[in-house]
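Please keep the structure in view while reading.

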Amino acid sequence: MDHLLVVEGSTAAPAGRTSLPAAKFLERTHLQEWIIANPQVIGADVLVVTSEYNRWTSESDGATAADRLDVLGLDDTGQLVVVEIKRDGSGRDVHLQAITYAALVSRFTIDTLAVAHRDFLRTRGEPQLGVEEARTRLLEHVDGDLDEDVLRRPRLVLVAASFPRSVTHTAVWLSEMSVQIRLVQVSSWQVGEQHVIGFGQMYPPS
């Protein structure tokens, strides 16, 4: 989105372009929470399974607990969605982070996902939720069909204000290698005292 106009009657004036850092918006506190509340920006019919996931040492094999997956989703086909978020430029290595997380979550089972989803929902106002109920919610989202072969092929979504060529070129190559990846560009505008945040798919071209 290059231009945003504020319309009043028959007149239109451009909104002021800004950035998330300039507007004092934070990556985890704001941008990540907006995405969790509006998962349609990362794909249709995505259920957020968990966020800030760092239980790699006990749940997987070898990554340190300091590594945190920003958002993990599950779409209605049973495919996992690995989301890596940057509030400004993505940096040169964001795709490498996402690939590493995708490799780790590709070994997740329905049991792993149910525990992660229970823990996530308990931090969001459902302290009595059990693993079985979390499992039921996941299975209901995919109409009871969670195929392990599909789970093993997560897709990647990178969200940032901009992407360097190293990332865009890698995204194209990964797509050619049959790895599903989307680059979503986030933009920030100011209209008076209000801020308007936009999400647009940069790759693949829509």
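## Salt bridges

The structure, which is a predicted model, holds 10 salt bridges. One of them joins the side chains of Glu33 and Arg124, with a distance of 2.7 Å from N to O. This pair brings together distant parts of the chain, since Glu33 belongs to helix H1 (residues 27-37) while Arg124 sits in the loop between H4 and H5, and the two are 91 residues apart.

## Confidence of the model

The mean pLDDT of the protein is 92, and 95% of its residues reach 70 or more. Among the elements, strand E6 (residues 80-85) has the highest mean pLDDT, at 98, whereas helix H2 (residues 56-59) has the lowest, at 57. Where pLDDT is low, the predicted coordinates should not be read in detail.

## The hairpin of E1 and E2

Strand E1 (residues 5-8) pairs with strand E2 (residues 11-14) in the antiparallel sense, and the pairing runs over 4 bridges. Within this pairing, Val6 has Ala13 in E2 as its bridge partner. The hairpin leaves 2 residues between the strands, and Gly9 there takes a positive phi near 65°.

## Packing of H4 and H5

Helix H4 (residues 110-122) packs with helix H5 (residues 131-141) at an angle of about 105°, and their axes are 8 Å apart. Because angles of 65 to 115 degrees count as roughly perpendicular, H4 is described as roughly perpendicular to H5.

On the H4 side, the contact is made by Ile110, Asp111, Leu113, Ala114, Val115, His117, Arg118 and Leu121, and on the H5 side by Val131, Ala134, Arg135, Arg137, Leu138 and Leu139.

## Packing of H3 and H7

Another helix pair is formed by helix H3 (residues 94-105) and helix H7 (residues 165-176), whose axes come within 9 Å and cross at roughly 40°. H3 and H7 are therefore oblique to each other.

Which residues of H3 and H7 meet? From H3 they are Val94, His95 and Ile99, and from H7 they are Ser166, Val167, Thr170 and Leu174.

Terms used:
Residues are numbered from 1 along each chain as its sequence is written. This is a predicted model: local features need pLDDT of at least 70, side-chain atom pairs count only at pLDDT 80 or more; totals for chains, interfaces and linings use all residues. Side-chain values use heavy atoms; hydrogens and water are left out. pLDDT is the predictor's confidence in each residue, from 0 to 100. Two strands pair if DSSP finds at least two bridges between them. Axes are lines fitted to C-alpha atoms, for helices over the stretch in contact, and angles run from 0 to 180 degrees between N-to-C directions. Angles under 35 degrees count as roughly parallel, over 145 as roughly antiparallel, 65 to 115 as roughly perpendicular and the rest as oblique. Contact means heavy atoms within 4.5 Å. A salt bridge is a side-chain nitrogen of Lys or Arg within 4 Å of a carboxyl oxygen of Asp or Glu.
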